[in-house]
Structure formats: C-alpha cells, structure tokens
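Trainee: Could we go through this structure together, one piece at a time? I would like to start with a single residue and its surroundings.

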Amino acid sequence: MKYQQIVYEIDTGVLTITLDRPDRLNAFTARMGDELRDAFDRADADDDVRAVVVTGRGRGFCAGADLAGRGDTFDYGEPSDGRIHRDGGGLVSLRIFESLKPVIAAINGPAVGVGITMTLPMDIRLASTDARMGFVFARRGLVPEAASSWFLPRLVGISRAAEWIFSGRVFPAAEALDAGLVRSLHPPGELPAAARALALELAEHSSAVSVALSRQLLWRMLGADHPMEAHKLDSRAIHALGRSADAREGVQSFLEKRPADFPGRVSTDLPYFFPWWDERHFH
C-alpha cells in the first residue's frame, strides 16, 4: 500500500509510524485506519523491526475523527449486506493488540477521541508536557469506541475511566500521568528522543521471540479468570523456549559477561503452539 496519511520509517530496528495530516491535527480517517493496519502487518512480517513508535506530525498527535462530514460524520447508514457495522478505530486497536512487536505511543500534542483510544492497546505511552487528552464521546452523542471500554479500565481502573468517559472533558497530560495512563512527560522537543531511547532499550537487549510471546501473554492474561491459565501457558512457553538457540545464547552471554546476540526470528521461530488462542493451532 502506498501511504498518504502516515509515514513509515525504520532506523536501527525501530519503526516510527507518524500520523501525517498536520493541517487537520492528524484527524483520523478511514484511509488512515487502513494505512495503520497495513503498517502493523508490515512490521510484524519484518524481522528488522524490533519496536514500533507511533507519533504525530506537527503540533497534534490526533484530534480524533475528521469531522468534515459535520453532523453526519458518524452516520454510516445501514449496511447493504445486513452485517453489523465495524468501527474503524476498533479495527486499528485490535490490529495493534495483535502486534508481535512492542509498541510505544509518543503523544506529542492533543489526543482526543480515537486519537487517544488508539493508543490504549499500545504497550507504553509517553507524552509531551503540552499534550491534552479527552474521551469526548458523550459530548458528541456517542459511546467510547476502539474497544476502549475493554482497555481503559484495565489501564487506569474503573472509577477513573468512568469519570473521563462520562464527563467527556479534555484533561492535561499531568492528569494522565497521575492516573498511570502515560509513563512519563517530556518537554516537546525532547519527546521524540525519549521515545526512541526507550524503543532501542526494548530492541537491543532482548530476544525478539521472547518479547513477541511475552507481549501476547501479558495482554491476553488480562482476561483470564484464574492464574492457572497463565501457569499452563507459562509452562508450555518455558518448555518450548528453554530448548531454543535464544535461551542458550541468553545464558552463555551472561556467563561470558557480554551482550547477547539472539539468533531467533519472529517470522520463523515462535513456538509450535502460537497463537494458542486460535483453536487451529491448539494441540
């Protein structure tokens, strides 16, 4: 796909995806959603990508859905084939949730509506001190989308999520930091370097296969009803990875007091039971 509304750049194992509609504060469109999903498909298939940073061009991260349609912006009509309408922001969030690479949001400016909900399935969020955020749906006659009713309470707790959703107010980055929605705040000029430094830390010192598997274990165990579910998967993963070249290299590099050089590749070396949530792979 040729990108028109995002920029896709790889440098030293870090993919930076930049929302690129600065004249509209990077407002979200169906085209942008398609491009983001394609970008994450490309990233998962590329073993040279070890971590992903998502940010925005200009003074905004993403101002939410593009309201060019004015009052009819969210009137999608009745599907001609009778199927239920699929929320575009939700399709992006679900694709990010499936990512095999760690994902960092560098929220460089206003992030409201889908501009903030799309960051919830990202693993770590950093923000500019100038950023402002808002789950503004109730003020637009809507409900939270992009699967945020699942993600947000798990990140900040039900009470804080309810306050933000019910009020629809826009709040400063400092409040997001206090609630644990973002990991750290940075002066605007320092945010890109901070996000890249964190991405490099994730990329340079760990096994890509271990990270891919661990990412899915962490996210998917949020819905497990007992720690035994985690224990069963941990046991399968430890058994499979314990015999891998990465595990041997991890131990040997530690004993030899040198940086590890992990040979495993996400494209070919994930364990036999992955993805375990797909019954076609369960055995």
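Mentor: Leaving aside its neighbours within four places in sequence, glutamate 163 is in contact with Arg169 and Glu175, where contact means heavy atoms within 4.5 Å. Before we go on, note that this is a predicted model, in which local features need pLDDT of at least 70, side-chain atom pairs count only at pLDDT 80 or more, and totals for chains, interfaces and linings use all residues. Residues are numbered from 1 along each chain as its sequence is written, and side-chain values use heavy atoms, with hydrogens and water left out.

Trainee: Okay, and what joins the side chains of glutamate 163 and arginine 169?

Mentor: They are joined by a polar contact of 2.8 Å, a term for a pair of N or O atoms within 3.5 Å; within protein, one must be able to donate a hydrogen and the other to accept it, and residues adjacent in sequence count only if both atoms are side-chain atoms.

Trainee: Where is glutamate 163 placed, and why does it count as partly exposed?

Mentor: Glutamate 163 lies in helix H5, residues 158–167; helices (H or I, at least four residues) and strands (E, at least two) are DSSP runs, numbered from the N terminus. Glutamate 163 counts as partly exposed because its relative accessibility is 38%, given that buried means under 20% relative accessible area, exposed over 50%, and partly exposed in between, with a 1.4 Å probe and protein chains only.

Trainee: Changing topic, which residues of helix H10 are buried?

Mentor: In H10, which spans residues 245–255, the buried ones are Asp246, Glu249 and Ser253. They cover an arc of only 60° around the axis, so they sit on the same side of H10; the arc is that of the directions from the helix axis to the C-beta atoms.

Trainee: What about the other side of H10, and what covers the buried residues?

Mentor: On that other side, Arg248, Phe254 and Leu255 are exposed, while the cover over the buried residues of H10 includes helix H8 (208–220).

Trainee: Now the strands: how do S1 and S2 run?

Mentor: Strand S1 (residues 6–11) and strand S2 (residues 14–19) run antiparallel and are joined by six bridges; two strands pair if DSSP finds at least two bridges between them. Glutamate 9 stands opposite threonine 16 in S2.

Trainee: And how many residues are between S1 and S2?

Mentor: There are two residues between them in this hairpin, and threonine 12 in the turn has a positive phi of about 50°.
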